[in-house]
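This report covers backbone geometry and residue surroundings. Please look at the sequence and the structure below before reading on.

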Amino acid sequence: MTAPTDLTLAEARAALAAKRISAKELVEAHLAAIEKLKDLNAFITVTPERALADAAAADARIAKGEARPLDGIPLAIKDLFCTTGIRSTAASRILGNFVPPYESTVSAKLWAAGAVCLGKTNLDEFAMGSSNTTSAFGNVVNPWRRRGDNRDLVPGGSSGGSAAAVAARLCLGATATDTGGSIRQPAAFTGTVGIKPTYGRCSRWGIVAFASSLDQAGPIARTVRDAAILLREMSGHDPKDSTSADVAVPDFEAALGQGVKGLRIGVPKEYRLDGMAPEIEALWQQGIAWLKDAGATIHDISLPHTRYALPTYYIVAPAEASSNLARYDGVRYGLRVEEGGDLDDLYEATRGAGFGAEVRRRILIGTYVLSAGYYDAYYLKAQKVRALIQRDFDEAYKIVDAILTPATPSSAFAIGEKQDDPVTMYLNDVFTVPANLAGLPGISVPAGLDASGLPLGLQVLGRAFDEETVFRVAAAIEAAAGFDALPQLRAA
């Protein structure tokens, strides 16, 4: 029999339903895997007692014939989602000991569906980063290695802990969040599938905020089917979140069998960047050929304001972060550093000690662009450009049903390799940020290996609330690519 940790989520669901394996056995195998590969530092907090209790409850329901959609499925939760009674840190010293008395809507939906909580995964501090090297709890290590090079690689960020845990077979799926590519980029770096749904598809309630108009929750999983299964359970209207969309949640899994025959796929010329690695371009062309062979038609399109997406993002996101992170002042909850003096001294000491360098950098940028004299020149102008980027996509979707692009400009790089140049680090998001600015769904699918044996992903973008088409195209790419390479560091 296949090792429990090598099962996909869909396979595990079937095995549990047929009683070929118990939830307890499945969970114990994953807890052992987490312990075996703890040097990956994918988890901040592991919850074995909770996991075994959840598994026992799932086994009891299955035995009674009352199984829920995700009964017995062991999942990991990005430590940006608040979880009742479980430390929720956002990978920051300032929330290092925070234990919330409430549950995020997304995680609550997963528990209601019967999922098992293995623990909380590591991330870039407050989700700010593309490498998972800004966490107060240390770097996450990618389970993949370059051929002939044993240096530790980044798993991507900010959801690097979730991506590494899925890739290394430490869980069957994980929650993640995407503000500028923080689901899709780490999925591409780790050979996993990650989807950022339409803004408003999943509730943001109970998720520690970075940039409120950009943040969106989604799953990272091993296959397109697994991602579709998870997204269905994570989605739905939430009256506690004013940005949550009151729209029906389709059966995303059912869309996978529909194929892509007759679909119109757009290829934007602006995504061909100067200096782009030839293997990224070659993979893109291969993806186009796969979709043609599957019956789709290919159309050249233009998204003219794409070149302004990255600078627009790095004005809007820090501005919103500056506002959101003002709540961490040492007064109501979280870290408090008192060094005498007045209230201003308390604020300064607490925030100076509690925030890491990248978070401080983004707060400073955001405060600057919102300040008197600069608001109109930077923030207001960025919002106008954002509207133009959205309009580009609106025009494109009059012609095509989905858009195909690379997911990242490179494969995973070594820890510390780009650390001294923040701008180079920010360029990792060049293919992903437009979808966040426009609020559109996007998925990364592993589609090949580079010359060093590291995974590369293709990205599919879709219309708002048309994740079904995104999944259809992603499934066609997955089937054609036949990606079955495995990371060198994994549980089984």
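## Terms and model

Helices (H or I, at least four residues) and strands (E, at least two) are DSSP runs, numbered from the N terminus. The model is predicted: local features need pLDDT of at least 70, side-chain atom pairs count only at pLDDT 80 or more, and totals for chains, interfaces and linings use all residues. Residues are numbered from 1 along each chain as its sequence is written, and side-chain values use heavy atoms, with hydrogens and water left out.

## A strand residue

Thr 405 sits in strand β9, which spans residues 402-406. Its relative accessible area is 0%. Thr 405 is therefore buried (under 20% relative accessible area; exposed is over 50%, partly exposed in between; 1.4 Å probe, protein chains only).

Which residues does Thr 405 contact, leaving aside neighbours within four places in sequence? They are Pro 268, Tyr 271, Trp 284, Leu 458 and Gln 459. Contact means heavy atoms within 4.5 Å.

## The loop between β3 and α5

Strand β3 covers 116-121 and helix α5 covers 160-167. The loop between them holds Ser 158. The peptide bond from Gly 157 to Ser 158 is cis, with omega near 5°.

Phe 126 is also placed in the loop between β3 and α5. Its phi is near 55°, a positive value in a residue other than glycine. Phe 126 counts as buried because its relative accessibility is 1%.

## The loop between β11 and α16

Phe 465 lies between β11 (455-462) and α16 (467-481), in the loop. Phi is positive at this non-glycine residue, near 60°. Is Phe 465 buried or partly exposed? Phe 465 is partly exposed, because its relative accessible area is 30%.
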